[in-house]
Amino acid sequence: MAETRALARSDMTLLDMRGISKSYPGVQALQDADFSVRRGEIHGLVGKNGAGKSTLMGVLMGIRAADSGTIAIEGETLHHASPQIMIDAGISYVPQHINLLNTLTVAENILVGNLPKNRFGLVDWQAVNDDSQARLSRLGLKLDVRQPVEGLSVAERTMLAIAKALFNDARLIILDEPTAALSRVDIDLLFGFVRAQQEQGVAFIYISHHLEEVFEICDRVTVMRDGQIVGTRAISEINVADLIHMMVGGGVKEYGRESAAGHEVVFEVQDLSRRGAYEHVSFVLRRGEVIGISGLQGSGADELAQGLFGLERMGVGEVTIAGEVYRPGSPKSAFEAGVAYLPQDRHRYGLVQLRSVRENVTYSVLDRLVGRLGVLMRQDEQAITEEYIDKLGIVTPGPEQRTLLLSGGNQQKVVFAKLAATQPAVLILHEPSQGVDVQAKVDIFNIINDLSRQGVAIMIISSEVRELIGLCDRILVMYEGRITNEFSRAADDMLPEDILLAIEGGPGDADA
Amino acid sequence: MKRAEPNRLVSLMVDNLIWLFVLGAFIAFSLLSDRFLSPYNLGNILLRSAAFGMLVLSQAYTFITGNFDLSVESSLGLTAMFAALMLVTSEAGGLGWQLNPLLVILLMLVLGGLIGLFNGVLITKVGVNNLLVTIAMLFVLRGATYGISPGTSISFFPKEFTWLGGGTLARVVTDNGNFVLSVAGIFVILAFLVGHIHTRYTQFGRNMYAVGADADAARAAGINVDRVVIIVYIIAGVCAAFAGLLQAGRLNAATPTMGANLIFAVHGAAIIGGMSIYGGRGNIIGAFGGVLLWSILDTGLNIMGVSPFWIDVSRGLLLLFAVLLDALRVRYQHSAQMRLALAETTVGLHDREQSSG
Ligand SMILES: Nc1ncnc2c1ncn2[C@@H]1O[C@H](COP(=O)(O)OP(=O)(O)OP(=O)(O)O)[C@@H](O)[C@H]1O
Ligand SMILES: [Mg+2]
């Protein structure tokens with residue numbers, strides 16, 4: 001592997017950005033940043049939330065205008081930067097929040113703007129479908145091209161977006177947190193074709209908060225901090241600890257997990273089944289307990305979470321909260337019964353983007369903040385907001401900043417703050433650490449710990465097995481719609497290899 | 001375990017529900033009144049809603065891109081009045097120019113297109129909200145129509161001018177009365193057919209859908225979004241001018257109130273035909289189904305002697321039903337359902353936003 005990489009990599013500089021600066025009111029998003037990418041390399045770009053990664057890429061793609069600095073491609077300095085110029089120069093961007101034409105089919109999304117026509121100049125739909133199907137299968141992607149994109153899962157959409165970039169004859173593809181929503185299997189698939197493209201001479205900029213993945217796939221890595229470039233290293237010359245040190249500028253705060261699980265059962269699921277999603281699911285969740293549920297895409301774990309929050313039908317079976325029958329007809333009734341949910345696609349669903357951080361954090365707890373005469377107690381509101389900004393380390397000029405203007409990871413922290421502020425009885429978290437940096441992850445884990453110590457029963461659906469091991473009292477593995485294994489801290493059997501094996505459907509049973 | 005597949009058949013039915021309704025309404029009125037199925041009435045259904053149909057077509061175009069144009073009903077009135085002034089003698093209320101009818105038709109289409117261009121440029125280049133622009137234009141154009149009119153209706157147009165709106169292609173005599181194949185009816189069918197081919201089978205048409213589905217994504221795909229929207233508004237304006245031509249031709253008169261208060265019925269017909277004001281959905285053929293349903297209901301109730309007030313009520317109910325249907329249709333799509341549910345819930349956000357805003 002190392003040899004092929006060395007072969008594919010040439011020392012010719014493909015992209016050279018020099019002295020890029022960019023400021024926003026109250027924020028120096030980029031300061032004199034130098035960044036260069038060689039032909040055919042996979043170049044990692046890492047840094048904490050708000051470090052300026054997306055902004056730097058925005059400047060590169062001509063989406064955001066830099067205050068100063070130059071961009072050269074293959075030694076030629078560009079005098080203007082616009083998305084079209086950059087696409088023509090062979091640079092493609094797969095953004096953090098993917099824009100696809102949701103009401104149109106996969107095929108049309110792939111060929112948009114350039115649909116095959118017959119000799120009368122009219123769109124040839126047969127060719128549209130065949131052509132796009134052929135392109136996808138060349139990448140090993142199995143999607144029904146006639147399906148509207150709105151019917152695809154997050155993982156499928158991400159892959160489609162990446163595939164589209166590949167179709168554009170790109171020489172340099174920017175992947176901004178592409179794996180944030182992908183399962184391990186899909187990540188392998190993705191990495192497989194990223195490497196295949198690299199062998200064809202395509203270079204990648206790979207932005208991620210998953211440092212293991214950076215080590216797995218990148219040739220070099222550049223670290224950003226507070227809008228500045230800290231340095232660039234060959235991946236072979238650095239280890240995880242040093243990389244984290246460069247990112248944070250010091251050691252990462254540790255989080256220590258002490259189980260706060262009580263005896264009192266808060267949430268009980270008995271023999272719950274929904275056809276086509278999950279079967280005979282039973283488990284209990286105690287006061288202050290944290291359990292993890294993990295499984296491949298399609299294992300039913302996602303559906304279970306959505307069913308339990310009333311986003312979809314829950315199916316047949318019995319569920320009780322504190323002994324009372326719980327049948328959420330809608331998310332709203334679930335919320336009123338004391339269940340809160342952190343959705344996976346939270347940028348879209350969890351925030352009122354145009355409003356301030358303060359308003360977003362306190363929307364859901366306003367009733368608690370209303371004083372005698374029905375007047376909002378602004379000071380309390382302010383206090384709550386500042387508490388969470390502080391606890392979660394949300395990078396923002398202040399509580400009044402519109403959430404739209406925060407970096408991706410910081411937006412997620414705001415959603416998390418909002419949820420934590422509601423103090424529910426049962427908290428369902430769907431991939432809670434997705435897209436947040438190493439430090440913020442620890443901050444979020446600490447909040448999860450705090451909440452569990454306050455008695456909140458927490459259920460985490462996640463594919464990050466290692467994180468679950470650190471966080472949870474028990475881990476349930478789902479495979480093909482059933483809970484197949486249970487691992488627990490008490491039984492001291494939470495071993496990553498065993499859990500991963502169980503997730504893939506390997507042998508083993510709950511008590512072994 | 002596989003993810004539950006969205007049911008293709010249900011999906012297909014939901015998308016084409018309009019034709020079930022058309023069929024249902026047709027059968028229902030045939031059973032309720034023997035006059036409904038008479039040759040004369042059948043010929044009349046399309047003729048009477050020809051101008052209405054052209055307005056629906058104009059809105060189908062704007063809807064696909066996620067826009068709408070409230071001012072088309074006023075464009076209908078203004079273009080018709082404008083043409084009338086240039087056609088007839090000063091005794092009959094015109095300017096006395098008596099221009100060549102074909103030239104006048106051309107001029108009115110150009111006028112419609114210019115109005116559309118103006119709307120489109122304000123919305124895209126100046127960035128004014130489409131609701132505000134087209135409401136403003138709704139009033140401006142209607143006011144202008146009154147302003148230029150002699151205060152009464154103008155009639156007695158040359159034959160060449162009224163042919164499209166009021167002409168007859170063929171007349172079939174039966175025992176039951178005459179079946180009249182109107183030029184206007186055929187014209188509307190052709191217009192929708194052209195619209196269908198244009199939106200489904202040309203690059204421009206597909207770009208319209210892309211813009212409506214997600215303007216940012218469309219822009220990223222290299223589509224000139226502003227250009228698409230401006231052209232769509234021009235097309236809408238020309239459709240409105242055609243509507244003016246058809247209406248004036250059928251009545252052989254132009255009045256300053258022509259087209260007034262039609263726009264919501266137009267939107268209702270388009271929506272019940274499967275179009276969505278959120279853009280990127282529906283198709284032109286479905287919109288035509290909407291036109292048919294609307295006019296079957298109208299003529300049917302009329303024939304049965306239902307009072308105009310109740311006809312209004314039934315139109316209103318149909319509109320309401322159309323909107324419900326639209327919501328259901330969106331809901332049926334899984335992810336869209338998530339969006340709704342989560343917006344109103346991940347902790348009651350939606351509610352508060354509305355009540356506090
Ligand atoms: N349009 C804007 N207006 C004001 N501030 C902005 C704007 N865009 C970005 N910022 C700020 O610039 C800084 C850099 O943001 P950027 O999105 O580049 O971070 P990032 O490194 O991509 O973080 P993440 O890992 O969370 O995605 C942040 O502090 C952000 O709040
Ligand atoms: Mg970012």
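Trainee: How many bridges join strand 11 of chain A to strand 14 of chain A, and do the two run parallel or antiparallel?

Mentor: Strands of a sheet pair through backbone hydrogen bonds, in either a parallel or an antiparallel manner. In this predicted model, where local features need pLDDT of at least 70, side-chain atom pairs count only at pLDDT 80 or more, while totals for chains, interfaces and linings use all residues. Residues are numbered from 1 along each chain as its sequence is written, chains are lettered from A and ligands numbered from 1 in the order in which they are written, and side-chain values use heavy atoms, with hydrogens and water left out. Here strand 11 (residues 265–274) and strand 14 (residues 316–321) of chain A run antiparallel and are joined by 5 bridges, with A:Val269 having A:Val319 of strand 14 as its bridge partner. Strands (E, at least two residues) and helices (H or I, at least four) are DSSP runs numbered from the N terminus, and two strands pair if DSSP finds at least two bridges between them.

Trainee: Which strands of chain A stand at the edges of that sheet?

Mentor: The open sheet of 4 strands in chain A has the order 12-11-14-15, with antiparallel pairing. Strand 12 (278–286) and strand 15 (324–325) of chain A are at the edges, and each has a single partner strand, so one side of each is left without a neighbour in the sheet.

Trainee: Is strand 3 of chain A, taken face by face, covered or uncovered?

Mentor: In a regular strand the side chains alternate between the two faces of the sheet. For strand 3 (residues 42–47) of chain A, 6 of its 6 residues are buried, meaning under 20% relative accessible area with a 1.4 Å probe and protein chains only, against over 50% for exposed and in between for partly exposed. A:Ile42, A:Gly44 and A:Val46 lie on one side, and A:His43, A:Leu45 and A:Gly47 on the other. Strand 3 of chain A runs parallel to strand 8 (residues 203–207) of chain A, with 4 bridges, and A:His43 stands opposite A:Ile205 there. Strand 3 also runs parallel to strand 9 (residues 220–225) of chain A, through 5 bridges, where A:Gly47 stands opposite A:Met224.

Trainee: What lies 2.8 Å from an oxygen atom of ligand 1?

Mentor: An N or O atom in the side chain of A:His209 lies 2.8 Å from an oxygen atom of ligand 1. Taken alone, ligand 1 exposes 640 Å², of which the protein buries 92%, the areas coming from the Shrake-Rupley method with a 1.4 Å probe.

Notes: A polar contact is a pair of N or O atoms within 3.5 Å; within protein, one must be able to donate a hydrogen and the other to accept it, and residues adjacent in sequence count only if both atoms are side-chain atoms.
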